Amino acid sequence: MSRPQRSDAREMLPRKSQGRRRRTRRRRGGLFARVFLVAGIVSALGLGAFGVWRGGFLENADGAWRDLAGEFAAAGEPVYFAEVVPAEVPAAANFFADPVFAALDLPDDRSVLNRAIHPGRTLSVEALLGVSPGTIDLDRIAAAFAEAGLVDPKKDYLVDGDRVRAGIDALGLDFTPLADLAERPGARFAIDYTQAFPPLPHLEAVLAAGGWLAIRAEAQLTAGNTPAALADLLLVRRLAEALRSEPFLESQRVRRSLLSLFAAGVGSGLEANAWTSPQLDTLAPMLAEFDLEADFARALRGERAQLNSVIDDALAGRKPEASDAVRQWLGPDTVSLRRQELRTRQVAVNRAIQNLIDETATDAAPTDDSANTPDIHPVIENLRTEAEATTAAQWELVRVELACALARCRLAGGIFPDSLAVLVPRWLDDVPDDPRTGQPVLYARESDGGYLLGGSN
């Protein structure tokens, strides 16, 4: 009897195994179903999140920028770099369209501009001018020339100006090619305006040439050669004017430096009573035409427009790399910023620059809304310092303009006027205010026949 039972047990084993296999399949089928269900839910959530991101977060990130760009456009403010690119200038009228500027790409070229940058003898015009280019120390420059072996210290020169002129001649700095180009009315350097923040190789050469010309003009004045001094100063002014339309902060810095040298040279001639009436008639309208604060505001617009073009190109995938200039504005972490963070900083920079432009135009109190943006605020503060330097340079131009008008008045009538108002309209179209305060310039005639001219309180 036991054997059949054992036999029945053996016969039941396959049935139990089959049941276990069926239960395993059911469990596996339920597990797969749950996995597919979870995957579906995750996919649905992912697609939903992507839709919210595309329609929500990106919309919020780009929306504030689009609103601001529209606000600028409605106000006539340039938004992108293409809007600030200066017009083309025909070669025949272009100050920069000459081989002397093309030679800047040749490091071994010894044309006048490359020679001005690298005169040799361990000299540089920046060192000769010193930290304050508004005052040219001919004695120090003459000593530097003697040390460099350019002039004989034992030779009996009448004045230091003679030594300086001899040293410049020994360096072979002949600026006649630039004087010839000065007759051309327009100027546009061969800058690659298809890219924002392009290289500006001409600025160093223009500044160096202007420095040498200013030094030589001062030397000519002390030697009594006012026609030569005037010619050199007019060429300094032409170099400055050649940069006027360039929408770059660095270009306007160089222009400001050149015009400071021009004003200093004219002022030296006025202090020495060296200029003749016709020479003053030539200089007077030039001194009245400069508005460095407007030039600075134009350069700020150019800087902002370049930044906006680079950011939009980066977000569109055309130029994903961030230049040093962009990192300076937006911070060193620019390349790792998310789209929303990048747009937020872009809006903050644009508003901060516009505030600075408005302050420059109206002398309003600072309204910097970037103070809570650490990556931006120091840059704006640096620009405010530069704006102050621009205003100081404008004051020097105004002061020399008024001194020129006073000198013309004295040459015509023998004495200085009782007030600046007397200069209008013969010697001035109107009396300019002190650009630092917006208040009238202080003027008083002294008992000895001279006058005092100073800034307002």
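In this predicted model, a network of salt bridges links five residues by name: Glu-241, Arg-244, Arg-255, Asp-295 and Arg-298. Glu-241 and Arg-255 are joined by a salt bridge whose closest N and O atoms are 2.4 Å apart. The two partners sit 14 residues apart and link distant parts of the chain, with Glu-241 in helix 9 and Arg-255 in helix 10 (residues 249-271). Both Glu-241 and Arg-255 are buried.

Why might such pairs form at all? Side chains of opposite charge can pair when their charged atoms come close. Across the model, the count comes to 26 salt bridges.

Another of these pairs also involves helix 9. The side chains of Glu-289 and Arg-237 meet in a salt bridge, with an N to O distance of 2.8 Å. Glu-289 lies in the loop between helix 11 (277-288) and helix 12 (292-315), whereas Arg-237 belongs to helix 9 (residues 226-241), so this contact ties together parts that are 52 residues apart in sequence. Glu-289 counts as partly exposed because its relative accessibility is 29%, while Arg-237, at 16%, is buried.

A further example is found around helix 14. Here Asp-333 forms a salt bridge with Arg-345, and their closest N and O atoms are 2.9 Å apart. Asp-333 is in the loop between helix 13 (324-330) and helix 14 (339-362), and Arg-345 is in helix 14 itself, 12 residues apart.

Technical notes
Residues are numbered from 1 along each chain as its sequence is written. This is a predicted model: local features need pLDDT of at least 70, side-chain atom pairs count only at pLDDT 80 or more; totals for chains, interfaces and linings use all residues. Side-chain values use heavy atoms; hydrogens and water are left out. A salt bridge is a side-chain nitrogen of Lys or Arg within 4 Å of a carboxyl oxygen of Asp or Glu. Helices (H or I, at least four residues) and strands (E, at least two) are DSSP runs, numbered from the N terminus. Buried means under 20% relative accessible area, exposed over 50%, partly exposed in between (1.4 Å probe, protein chains only).
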